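This report describes selected strand pairings, helix contacts and a chain interface. The sequence and structure are shown first.

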Amino acid sequence: MGSKLSIALLALAAFTTSVQAQDKDIIARGEYLARAGDCTACHTAPEGRLFAGGRAMPTPFGTLYTSNITPDPDTGIGKWSADDFYKTMHSGRYPDGGLIYPAMPFASYTKVTRADSDAIFAYLRSIAPVNQKNRPHELRFPYDNRQLILGWRTLFFSEGEFKPNPTKSAEWNRGAYLVEGLGHCGMCHSPINALGGTSQSDAFKGGLIPMQNWYAPSLTSNREAGLGDWSIKDITDLLQTGVSARGVVYGPMAEVVHNSLQYLDDADTKAMAVYLKGIAEGSTPPPASTVLPNTESSLLISLGKTVYDKDCASCHGTQGEGKPPHWPPLANNQSIEMQSAVNPIRMVLNGGYPPGTKGNPMPYGMPPFAGLLSDNEVAAVVSYIRTAWGNRGTPVSAREANELRSAPLN
Amino acid sequence: MFARVAASAVLVVTLAAFDGAAAQTANQAPDTMAARVEACTPCHGNKGEGTSDVYFPRLAGKPAGYLYNQLLAFRSGRRKYPPMNYLLEFLPDPYLEAMAEYFAGEHPALPQPVPSDVSKEVLAQGEQLATSGDASRNIPACVSCHGPGLTGMQPGIPGLLGLRAAYISAQLGAWRYGTRTAKSPDCMQLVAGHLTEADVTAVAAWLATRPALDNPAPVAKGTYALPFGCGSQPN
């Protein structure tokens with residue numbers, strides 16, 4: 001009898017242990033997925049507690065304040081069920097059915113599976129609750145009317161979990177799931193129209209990020225950030241460490257690598273690389289030069305070479321070859337050549353550091369030249385690097401350089 | 001805390017690896033802190049000595065703890081200056097510590113002070129406040145915390161030598177208006193709150209006239225007692 005009881009107790013203990021271990025696994029999985037979704041980028045304020053919200057999100061329609069997603073019952077999501085959480089992720093609605101502003105990327109998160117949503121919820125339930133009331137949004141009329149979201153949803157929101165493409169490999173489909181779903185890459189890398197939406201046919205075709213004035217290049221065009229001509233290693237290096245033989249991340253993408261991508265495991269990173277390389281359209285022949293450089297742009301480019309040789313060549317090389325991965329090449333660098341010159345101009349003005357990551361804990365920084373170069377010199381050096389060494393960009397004007405001096409820095 | 005220790009350990013290992021990599025190929029960026037902090041040099045000078053822009057401070061030789069606190073404050077946005085906030089936003093703590101150590105360990109010569117453009121009376125008022133304070137208005141002397149030689153004290157109190165009047169005045173103003181803050185108790189905000197604009201002009205002008213010292217190194221921690229609590233310099 002006694003031995004039977006002990007066996008039963010042992011079995012119960014083993015069961016409890018295995019349930020606890022299972023819970024731990026799900027929570028760990030949820031933490032990993034929350035990183036893949038970069039929840040912290042918005043839901044943690046500077047110097048704020050983890051996931052307590054309150055971060056100001058400036059938009060063209062006013063300022064939104066992110067919500068507290070810690071398990072505090074009064075001010076967070078402590079009273080939510082896993083069903084409630086899935087509803088926000090999948091349908092963009094609060095538990096009471098209220099509409100969520102699409103600054104929350106539910107148009108991407110709708111693709112997340114129920115199991116992954118449950119794991120993220122289990123993780124969020126496990127973190128420290130923070131009692132911090134959500135701050136009301138400050139939206140201008142008429143955008144303060146949530147009913148307008150219904151119109152936005154009709155135009156731009158298509159609800160539904162990710163459907164694998166049976167003609168593609170499991171790896172490609174895993175990459176697609178991460179890029180289109182939790183990664184919500186399309187939030188920036190798709191053109192945003194005046195209604196703050198992206199049409200399906202424009203997915204990943206690039207666009208200027210509202211309020212930030214950085215250009216998020218197309219992920220499908222090899223003339224922008226399309227990765228069709230990149231090796232898988234260069235892509236995974238860029239995503240995991242922030243630097244690669246082809247270029248480094250900067251601006252808003254530095255945030256993405258810092259908070260999210262550096263934590264993804266090798267298999268998921270490679271899956272994303274395979275998918276991203278796959279969606280790039282085949283190399284297109286460069287368009288014929290639209291305008292021959294006139295006298296003005298010849299002068300500009302000539303001044304640009306002088307500036308370049310004095311201030312840039314020591315790191316980026318006299319032929320734009322760079323010293324990769326830390327000092328990126330500028331020759332044959334899509335980021336320099338692409339149609340929008342916003343990013344190269346801003347890098348010259350503002351400089352910048354790639355993110356510090358596990359794979360690159362002490363990155364090298366580009367000095368800001370805003371205080372050292374005139375508008376004319378900035379335009380000149382950017383025109384030079386966009387047209388030298390076989391690069392196929394176009395010259396830029398001093399006015400474009402001047403306009404970006406006032407671009408927001410954070 | 002554990003993560004912090006682990007991260008520091010990684011950094012130490014990485015630094016050790018750099019020392020071993022003496023043979024560098026010409027097509028690699030040099031494995032040095034000097035190369036890594038080139039982004040700082042247009043405003044702060046190659047060795048942190050400052051530049052001709054009077055609003056950008058000298059960094060060289062300041063206590064590493066002070067520099068690290070400033071890097072953390074710029075990274076979080078607590079200390080507001082968008083070009084700095086932007087540059088540091090995604091850099092990890094151990095790297096910021098390494099940057100602070102780097103500039104703390106540089107010792108380019110202090111600049112010779114330039115003659116002040118304020119009157120003798122104003123300079124005298126500045127000297128009075130800086131060296132004796134004004135007890136009736138609860139203003140401690142600068143030297144009571146920044147040291148008799150104004151060289152600062154390890155680990156968190158900066159020296160005030162080699163700074164231009166425009167920079168000092170701008171920082172005191174930022175404290176008065178609350179746009180520059182530090183860990184509580186925020187001693188400089190308390191002090192600056194008691195200063196008038198005329199006080200700020202006078203103190204900044206007098207401090208900028210202080211001659212360079214042969215040894216401007218900050219004194220050791222605990223060399224003298226602070227007159228009141230300061231979050232940046234815990235006892």
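Which residue is the bridge partner of A:A56 in strand 2 of chain A? The bridge partner of A:A56 in that strand is A:Y65.

## Basis of the description

The model is predicted: local features need pLDDT of at least 70 and side-chain atom pairs count only at pLDDT 80 or more, while totals for chains, interfaces and linings use all residues. Residues are numbered from 1 along each chain as its sequence is written, and chains are lettered from A and ligands numbered from 1 in the order in which they are written.

## Strands of chain A

Strand 1 (residues 56-59) and strand 2 (residues 62-65) of chain A pair in the antiparallel sense over 4 bridges. Here helices (H or I, at least four residues) and strands (E, at least two) are DSSP runs numbered from the N terminus, and pairing requires that DSSP find at least two bridges between two strands. A hairpin of 2 residues joins strand 1 of chain A to strand 2 of chain A. Within this pair, A:M57 stands opposite A:L64.

Strand 2 of chain A is also joined, by 2 bridges, to strand 3 (residues 138-139) of chain A, and the two run antiparallel. In this pairing A:T63 has A:E138 as its bridge partner.

## Helix crossing in chain A

The axes of helix 9 (residues 232-241) and helix 11 (residues 266-279) of chain A come within 9 Å and cross at roughly 120°. Axes are lines fitted to C-alpha atoms, for helices over the stretch in contact, and angles run from 0 to 180 degrees between N-to-C directions. Helix 9 and helix 11 of chain A are therefore oblique to each other (angles under 35 degrees count as roughly parallel, over 145 as roughly antiparallel, 65 to 115 as roughly perpendicular and the rest as oblique).

## Helix crossing in chain B

In chain B, the axes of helix 7 (residues 120-132) and helix 11 (residues 197-208) come within 7 Å, crossing at roughly 85°. These two helices of chain B are therefore roughly perpendicular to each other. Their contact has 9 nonpolar, 3 polar and 2 charged residues (Ala, Val, Leu, Ile, Met, Phe, Trp, Tyr, Cys and Pro count as nonpolar, Asp, Glu, Lys and Arg as charged, and the others, Gly among them, as polar).

## Interface of chains A and B

Between the chains, 26 residues of chain A are in contact with 29 residues of chain B, contact meaning that C-beta atoms, placed from the backbone, lie within 7 Å. Helix 10 (residues 252-259) of chain A gives the most to the side of chain A that touches chain B, with 3 residues. That side of chain A has 14 nonpolar, 9 polar and 3 charged residues.

Definitions and conventions. Two residues are in contact if their C-beta atoms, placed from the backbone, lie within 7 Å.
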